[in-house]
Amino acid sequence: MKLIFRVAVILLFAVLFSCNSKKSNGNHSHDGLESHSHEVESTSKSNDYFGAYALESETYGTKTKVTLTKDKRIMVTNALPNHKTGVFPNQGNPNSISAQNKTYSFPLVPKYTGNATWAREPGIALNGIKFEPGTAEVVVCDTGENYRVEALQDVIDLGLDFNHAHVQPTGTYHYHGTPTSVINDFDNGTDLVHVGFAHDGFPMYYSKSGKYKPSYKAIDGNREGEDCTYENPHQSMDISVGGHHDGTFTSDYEYVAGFGDLDECNGITIDGNYMYLVTTEFPYISRCLMGEYEEERPQGGGEGPNGRGGRERPSNNELMEMMDTNKDKKISKSEAKGPLKDDFEKIDTSKDGYISIDELGKSGGRNR
């Protein structure tokens, strides 16, 4: 009888322990953060988000589901973040976060080309929120200079929260820099935290140690431009662009091959695997992609926080800013990239080995 009683107790203990273990799989807490639930179902044995998974949050309303086909990774999401955000609307951002209806398709086997292709929206975080490092905000000078404003700067308040994110007029919440809460939530204890997928199919990571440095540096010298103004539908303000290149504008930086560890698109090959790094330094998030990729025409997205519509490709002045690395106001064949490089001889009508802003306009592009 004693033996039967002991066996019964052991079996009861085992059942209770098993139930408690199952209940704890999706709910946990990180130091200093609220307890939360990923509620993830994954076909990947290591639960590393390279397999199929579903991520839902009753607290935040998140609904993101990823499935795999023979050659595609398909993400269907309502694009609501699964974490705390700043307060929206706010002084610099007049918009409220709202659910979207998004479907993204990523190549399951990405193909590296080594040719940098500009990308307005380079990738999507694991939770369904898009990465969009650039802005639609521009400072225009009466002397002809245009300066694209960076999101992470201290001159113009764009209402970013602690996740380096804010909201477009469509209600789309999106990251301009390191997504703090995503990094915390998906941290698996290693240095490299998997945070998303680029549209060419390669994964996006964040290095907690910051050991991989971008290869962009601030340009020497001072900016030019007088009587410069920043305007949006809600305000107009005079901006002084004089002084050194301090990172306020995208054109303050230039890519210098070998200056850091990462390539032009903030990518690197580690243990034979190519990946993009999200960094705390410019360009923060890749502005181009190295895999086979063709950006879809935006549908209502790509807008600044104050209501400017986005474009499917840069304007001529933006192309000049992005590619004229030596700032001589013309683009050489070695500086040209993507379609501009492919059609260089056709666009260079003067046959002097350079593309001027006038030649860009004659090629059918759009000047600001």
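**Exercise 1.** To how many salt bridges does the count come?

*Solution.* The model is a predicted one. In it, the count comes to nine salt bridges.

**Exercise 2.** Determine which parts of the chain the pair Arg120 and Glu132 ties together.

*Solution.* Step 1: the side chains of Arg120 and Glu132 form a salt bridge, 3.6 Å from N to O. Step 2: Arg120 belongs to the loop between β8 (112–118) and β9 (123–125), and Glu132 to the loop between β10 (130–131) and β11 (138–141), so the pair ties together parts 12 residues apart in sequence. Step 3: Glu132 also meets Lys130 in a salt bridge (2.9 Å, N to O).

**Exercise 3.** Decide whether Glu150 and Arg287 are buried or exposed, and locate the pair in the chain.

*Solution.* Step 1: buried means under 20% relative accessible area. Step 2: Glu150 has 1% relative accessibility and therefore counts as buried; Arg287, at 15%, counts as buried too. Step 3: the closest N and O atoms of their salt bridge are 2.8 Å apart. Step 4: Glu150 lies in the loop between β12 (146–148) and β13 (165–167), whereas Arg287 lies in the loop between β22 (273–278) and β23 (288–291), 137 residues apart.

**Exercise 4.** Describe the largest nonpolar core.

*Solution.* Step 1: this core has 42 residues, and Tyr175, Val195, Met204 and Tyr276 have the most contacts inside it. Step 2: strand β15 (residues 192–198) contributes the largest share, four residues. Step 3: apart from this core lies another, of 11 residues, including Cys141 and Tyr230.

Notes:
Residues numbered from 1 in each chain as written. Predicted model: local features only at pLDDT ≥ 70, side-chain atom pairs only at ≥ 80, totals over all residues. Heavy atoms only, no water. Core = buried A, V, L, I, M, F, W, Y, C linked by side-chain atoms within 4.5 Å. Buried < 20%, exposed > 50% of the residue type's maximum accessible area, 1.4 Å probe, protein only. Helix = DSSP H or I, 4+ residues; strand = E, 2+ residues; numbered from the N terminus. Salt bridge = Lys/Arg side-chain N within 4 Å of Asp/Glu carboxyl O.
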